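Look at the fold first, then at its cores, then at the aromatic rings. The paragraphs below follow that order.

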Amino acid sequence: MAKYFNSNDKSEKLERDNLSDFLEQLSFHVNSVGVWRNNKANLANYTINDVEFIFYKRGEGKTNIMGTEYYCKTNDLMVLEPMQLYTSVNDENIKTEYYFIHFDVDPVLQLKPFLKYFKYPVTTIENPERILTLFKLINEEVKDRKQGYVSNINALIKQMCIEVLRNQKNNTYDIHTTYYTQNISEMFVDKCISYISNNLKGDCSVKTLSKHFNVSNNYLYKSFMSVLNESPSKYVTRMRMWRAKSLLLTDLFTIEEISEEVGYPTLSHFSRVFKENVNCSPREFRKQNML
């Protein structure tokens with residue numbers, strides 16, 4: 001006679017946890033993923049439009065974040081937030097290789113709560129092979145784009161987030177930080193970036209920025225060019241387009257509301273600038289990218 005058993009009698013019911021509940025609300029859109037290797041000394045100032053995870057497979061590097069320089073070594077993972085000024089330094093005499101992934105968080109209104117989970121910019125990973133495997137699997141999914149790849153990518157990024165957060169909880173935070181002295185231009189541009197980030201909806205013209213910081217238009221322009229190799233107006237437009245694309249990936253706002261949210265008082269102006277920079281209209285972008 002066949003015997004049957006109730007599996008519910010053999011295990012405890014799993015309870016919900018806050019992190020799982022939060023991650024279930026999110027979806028992630030990968031912008032790029034890959035591997036970087038140094039072949040010469042590198043020092044660069046840059047900003048990013050999205051969230052970036054960097055995992056050091058070997059070697060080391062230094063990254064300045066908001067005036068503090070963080071030292072990353074083999075098996076460290078760094079989390080970088082969008083719309084901040086970063087300065088990275090790599091030594092040509094040290095062979096360095098790191099994996100990176102850039103992604104957007106949807107809904108965009110959950111970006112700040114998502115980033116708050118990561119208490120430290122740098123985390124030492126106890127089981128690096130697991131993180132490497134996740135990077136490689138995400139890269140394969142992006143490259144092959146087989147049926148179900150969007151769901152798989154989301155699951156893999158969520159798994160990576162959990163691995164990082166568990167390591168942050170388990171490890172004693174002992175990342176080597178040193179005080180970094182920014183030059184005058186870097187400090188000024190850093191302040192501008194923070195102001196622009198908080199005022200994208202308002203007037204971020206060169207005239208307004210110069211007046212707010214009590215500098216000349218020429219000083220503002222030269223500072224941005226020396227630090228970011230990008231004019232202030234182009235930087236503002238790039239940030240507005242990034243913000244607009246993030247909002248267009250949700251159905252929380254109409255296109256008219258998004259236009260106002262990113263600092264364009266008329267829909268026609270917003271649509272023209274968007275098409276010039278993204279090569280399609282806001283409506284076409286939403287139609288092509290909404291799941």
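Buried residues make up 45% of the 291 residues in the chain. Buried means under 20% relative accessible area, exposed means over 50%, and partly exposed lies in between (1.4 Å probe, protein chains only). The model is predicted: local features need pLDDT of at least 70, side-chain atom pairs count only at pLDDT 80 or more, and totals for chains, interfaces and linings use all residues. Residues are numbered from 1 along each chain as its sequence is written, and side-chain values use heavy atoms, with hydrogens and water left out.

The chain has eleven helices and ten strands. These are DSSP runs numbered from the N terminus (helices: H or I, at least four residues; strands: E, at least two). Of the contacts with a separation of 6 or more, 76% join residues 24 or more positions apart. Contact means heavy atoms within 4.5 Å.

The largest nonpolar core has 51 residues. Such a core is a set of buried Ala, Val, Leu, Ile, Met, Phe, Trp, Tyr and Cys residues joined through side-chain atoms within 4.5 Å. Phe-53, Leu-77, Phe-103, Phe-114 and Phe-135 touch the most other members. Helix α4 (residues 149-170) gives the most to this core, with seven residues. Apart from this core lies another, of 16 residues, including Met-241 and Phe-274. Leaving aside neighbours within four places in sequence, Leu-77 has contacts that include Phe-53, Pro-121, Phe-135 and Val-164.

Next, the rings. The structure holds 18 aromatic pairs. Rings of Phe, Tyr and Trp (its six-membered ring) pair if their centres lie within 6.5 Å; planes under 30 degrees apart count as stacked, over 60 as edge-to-face and the rest as tilted. Phe-188 and Tyr-219 form a tilted pair, 5.2 Å centre to centre with 55 degrees between the planes. Phe-188 lies in helix α5 (residues 184-198) and Tyr-219 in helix α7 (residues 217-228), so the pair ties together parts 31 residues apart in sequence. Phe-188 is buried at 9% relative accessibility, whereas Tyr-219 is partly exposed at 32%.

Phe-224 and Tyr-235 are also paired: their centres are 5.9 Å apart and their planes at 55 degrees, so this pair is tilted. Phe-224 lies in helix α7 and Tyr-235 in helix α8 (residues 232-248), so parts eleven residues apart in sequence are tied together. Phe-224 is buried at 0% relative accessibility.
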